[in-house]
Amino acid sequence: MKQKPGWVLPDLKEAQKRTTNTIDRIDTFNIPEAARMMGRGKKYFISTYGCQANERDSETLAGILDELGFVPNETAEGSDVIIINTCAIRQNAEEKVLGEIGNFKRLYRENKDLVIGVCGCMAQEEGLVETLLTKYPQVRLLFGTHNIQELPSMLYSCMVEGKKVVKIYSKEGEVYENLPVHRFGTFKAWVNIMYGCDKFCTYCIVPYTRGKQRSRKMSEILKEVQQLKNEGYKEITLLGQNVNAYGKDMDNEQDFATLLEEVAKIGIPRVRFTTSHPWDFSEEMIDIIAKYDNIMPFIHLPLQSGDDDVLKLMGRRYTKESYLALYDKIVNTIPNVSVSTDIIVGFPNETDEQFEHTLDVVRYCKYDNAFTFIFSARPGTPASRMHDSIDMETKRKRLAKLNKTWNDLALEKNKAYVGRTVTVLVDGLSKKNEKVYSGYTDTQKLVNFKGENIQPGDFVEVKITEAKSFSLDGVAV
């Protein structure tokens, strides 16, 4: 791959460096005069992969494009700018992205002025960028997670000056406030409270792609939440790669428990947060969640493995015993709480006995939901360099056994809802049946129900009539 003048390419070695330097906080957003309204009469389409942080980044991308005069398009067809916001957490995500970019090649052949851009976590990976630059000439814009705010000038270079722009910073990162935002939801909203991660779990690429852990000022977060309440939002989710480490990178004594309480006091009906790390989950957090009715009794508590030796190889910083002690504290303190988790099977050299230890934890915790995956080696991470003696067929069998175990247990927990009346925040009509509405309980249970004269954003009392492994059925009362 031949680097051209002006290109800035990713460097994973640079991306993993951590210093004690003060984090820059930038409160202003300026559009270069030449770029103003260059989108007038033009359309954009954003395709988003991955986690809620990517969804929130896409809202910022859309907000900037709106400021430039573009209007959103529901499909890639007929768009002048296509941006693919990517995820690097697993190999299959990369394969899907590359497949979509390949499909867009036809649109580029038909319109050489079309700007196809790739951003997000995949753009921070050295190997993936080399693949895009050598095999996907239709990609005219490549940028990473640290320079979304530069979109106006980068687009100007592509659209007006006809340049191919590659600008991907590998650094600790900054905190940007007051960037434009185009909220995709009208009654649910994401609120970033921090960026990056310093945990460096051995299998995870996020600390490299997202940079150093850096918390937003509490005052800025509370101002954003208050504005969302004023605009009528019913539910917010506080976002971070590890939300309960909030404030640990700041000099003052702010922490996540304090932030959570202050957010709850603002009075938005539903407050959620994701994702938690068991290492940083404090008793003060648990007590605050139990204290406020508008902090939802739903905790996502990633396990990853139930074996101490595997956890140590993963760099998770807790043991099976400490995890279960935390779990017990949560379920014994927070009324009616539900708990979900993440689990990786087939971590390099995981034995049958070690896998059974994970199943032991699953049977003990009886998770309400679980996101389960076969280990996916991410280039540049320590785990990707570990020798692995386990064949893929063994890993698939373990995943199937794990899924059957937690599915059966989740069904039993859901059956306890039959006959009960629950409060559902309505998302809208079901995608599968236009005569059925869907929404979520406070415990993050998906409910499909029948009713009349119901609008998205309504709180509806629903009597549960049937339980399934992944959802509940009911009728509005």
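Q: First up: Glu350 and Arg398, buried or exposed?
A: Both Glu350 and Arg398 are buried. Keep in mind that this is a predicted model.

Q: What do Glu350 and Arg398 form?
A: A salt bridge. The closest N and O atoms of Glu350 and Arg398 are 2.9 Å apart.

Q: Where do Glu350 and Arg398 lie?
A: Glu350 is in the loop between β15 (338-345) and α13 (352-365). Arg398 is in helix α14, residues 392-415. They are 48 residues apart in sequence, so the pair ties those parts together.

Q: How many salt bridges in the whole structure?
A: The search finds 34. One of the pairs is Arg272 with Glu235, at 3.3 Å from N to O.

Q: Which strands does the Arg272 and Glu235 pair link?
A: Arg272 sits in β13 (residues 270-274) and Glu235 in β12 (residues 235-239). That joins distant parts of the chain, 37 residues apart.

Q: And are Arg272 and Glu235 buried or exposed?
A: Buried, both Arg272 and Glu235.

Q: OK, Lys291 and Glu261. What's the N to O figure?
A: 3.1 Å, in a salt bridge between the two side chains. Lys291 belongs to helix α10, while Glu261 belongs to helix α9 (residues 256-266).

Q: Why does Lys291 count as exposed?
A: Its relative accessibility is 54%, and the exposed class starts over 50%.

Q: Why does Glu261 count as buried, then?
A: Glu261 has 17% relative accessibility. Buried means under 20%.

Q: Which residues are linked in a network of salt bridges?
A: Arg56, Glu59, Glu177, Arg183, Arg216 and Glu224.

Q: Switching to the surface. Which residues form the negative patch?
A: Glu253, Asp255, Glu284 and Asp287.

Q: Where is Asp287 found?
A: In helix α10, which covers residues 283-291.

Q: What's the relative accessible area of Asp287?
A: 40%, so Asp287 is partly exposed.

Q: On to annotations. Which residues does the UniProt "binding site" cover?
A: Cys51, Cys87 and Cys121, according to the unreviewed UniProt entry. They span 71 residues of sequence but cluster in space, with a largest C-alpha distance of 10.6 Å.

Q: Where does Cys87 lie?
A: In the loop between β4 (81-86) and α3 (91-103).

Q: Is Cys87 counted as buried or exposed?
A: Buried, because the relative accessibility of Cys87 is 11%.

Q: What about Asn103, where is its place?
A: Helix α3. Asn103 is exposed, with a relative accessible area of 57%.

Q: How far apart are Asn103 and Asp309? What's the gap in sequence and in space?
A: In sequence, 206 residues. In space, 44 Å from C-alpha to C-alpha.

Q: Last topic. Which residues does UniProt list for the TRAM domain?
A: Residues 415-477, again from the unreviewed entry.

Q: How much helix and strand over 415-477?
A: The chain there is 2% helix and 51% strand. The end C-alpha atoms of that stretch are 19 Å apart.

Key. Residues are numbered from 1 along each chain as its sequence is written. This is a predicted model: local features need pLDDT of at least 70, side-chain atom pairs count only at pLDDT 80 or more; totals for chains, interfaces and linings use all residues. Side-chain values use heavy atoms; hydrogens and water are left out. Patches are made of residues with over 30% relative accessible area and no salt bridge: like charges are joined within 9 Å, nonpolar side chains (Val, Leu, Ile, Met, Phe, Trp, Tyr) within 5 Å. Accessible areas come from the Shrake-Rupley method with a 1.4 Å probe; for residues, only the protein chains shown count as cover. A salt bridge is a side-chain nitrogen of Lys or Arg within 4 Å of a carboxyl oxygen of Asp or Glu. Lys and Arg count as positive and Asp and Glu as negative; His and the chain ends are not counted. The place of a charge is taken as NZ of Lys, CZ of Arg, CG of Asp or CD of Glu. Helices (H or I, at least four residues) and strands (E, at least two) are DSSP runs, numbered from the N terminus. Buried means under 20% relative accessible area, exposed over 50%, partly exposed in between (1.4 Å probe, protein chains only). UniProt positions are given in the numbering used here, feature names are shortened, and annotations may be inferred rather than shown by experiment.
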